[in-house]
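Subject: The structure to look at

Hello,

Here is the structure I promised to pass on to you. Please open it beside this email, and then read on for what turned up in it.

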Amino acid sequence: MIIKSAMRGNGGQLANYVLNDPKNDRAELLDMRGWTAATLKNALRMSEAIAHGKTHCEKPFYHVSFRLPSGEVLNPEQWEHCADALEKRLGLDDHHRALVMHTYRGEKHLHVVWDRVDAHTLKAVNLAFEHLRCKETARELERELGLQRVRDEKRE
């Protein structure tokens with residue numbers, strides 16, 4: 001499994017990317033947890049306004065994509081389990097979250113956007129060593145779900 005991640009700002013642009021990227025055959029919003037807004041774009045804009053006004057956080061979103069090696073398949077519950085596992089490892093439990101499934105050339109991959117700002121404390125979560133935690137989570141999920149192990153080009 002490949003997990004790519006980035007801290008992001010510009011919620012409107014991020015929503016457009018995950019919902020309307022023209023290179024994908026299909027994009028489907030699976031879940032929007034925690035937000036009261038009717039659309040993902042409005043939810044991310046609202047979170048961004050709160051982050052800038054209350055925390056001065058320039059990049060309030062944590063955006064991750066989960067990809068499988070070609071030919072591997074997961075069911076919807078397994079994809080959600082992947083998001084849950086990384087969320088727990090990073091300490092983003094109970095943070096606002098959106099799950100968007102993309103289909104590209106017949107293969108699925110999952111995008112997850114978390115609001116880094118805790119809704120109760122209005123403090124942004126510091127995600128120190130998050131790239132390492134993504135790699136560790138990917139290896140654990142490969143073992144747990146019986147997926148082909150992705151080679152780490154930098155180490156091998």
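A salt bridge here is a side-chain nitrogen of Lys or Arg within 4 Å of a carboxyl oxygen of Asp or Glu. Before we use that, a word on the source: this is a predicted model, in which local features need pLDDT of at least 70 and side-chain atom pairs count only at pLDDT 80 or more, while totals for chains, interfaces and linings use all residues. Residues are numbered from 1 along each chain as its sequence is written, and side-chain values use heavy atoms, with hydrogens and water left out.

Let's start with the charged pairs. Side chains of opposite charge can pair when their charged atoms come close. How many salt bridges does a search of the whole structure find? The search gives 8.

In one of them, the side chains of Glu 80 and Arg 97 meet, with 3.7 Å from N to O. This pair links distant parts of the chain, since Glu 80 is in helix α3 and Arg 97 is in strand β4 (residues 97–104), 17 residues apart. (Helices are DSSP runs of H or I with at least four residues, strands are runs of E with at least two, and both are numbered from the N terminus.) Are the two partners buried or exposed? For this, buried means under 20% relative accessible area, exposed over 50%, and partly exposed in between, using a 1.4 Å probe and protein chains only. Glu 80 counts as partly exposed because its relative accessibility is 36%, and Arg 97 counts as buried because its value is 2%.

Arg 97 also forms a salt bridge with Glu 87, where the closest N and O atoms are 3.1 Å apart. Here too distant parts of the chain are linked: Arg 97 is in strand β4 and Glu 87 is in helix α3, 10 residues apart. Both Arg 97 and Glu 87 are buried.

Next come the packed helices. Two packed helices are described by the angle between their axes and the distance between the axes. Axes are lines fitted to C-alpha atoms, for helices over the stretch in contact, and angles run from 0 to 180 degrees between N-to-C directions.

Helix α3 (residues 76–90) and helix α4 (residues 130–145) pack at about 140°, with axes 10 Å apart. Angles under 35 degrees count as roughly parallel, over 145 as roughly antiparallel, 65 to 115 as roughly perpendicular and the rest as oblique. That is why α3 and α4 are oblique to each other. Residues making the contact (heavy atoms within 4.5 Å) include His 81 and Arg 89 of α3, and Arg 133 and Glu 136 of α4.

A salt bridge also joins Glu 136 and Arg 89, at 3.4 Å from N to O. Glu 136 is in helix α4 and Arg 89 in helix α3, 47 residues apart. Glu 136 counts as partly exposed at 35% relative accessibility, as does Arg 89 at 29%.

The axes of helix α1 (residues 11–20) and helix α2 (residues 40–55) come within 8 Å and cross at roughly 150°. Therefore α1 and α2 are roughly antiparallel to each other. Among the residues in this contact are Leu 14 and Val 18 of α1, with Leu 44 and Glu 48 of α2.

Glu 142 is buried, with a relative accessible area of 4%. Leaving aside neighbours within four places in sequence, Glu 142 is in contact with Met 1, Leu 147, Gln 148, Arg 149 and Val 150.

Happy exploring!
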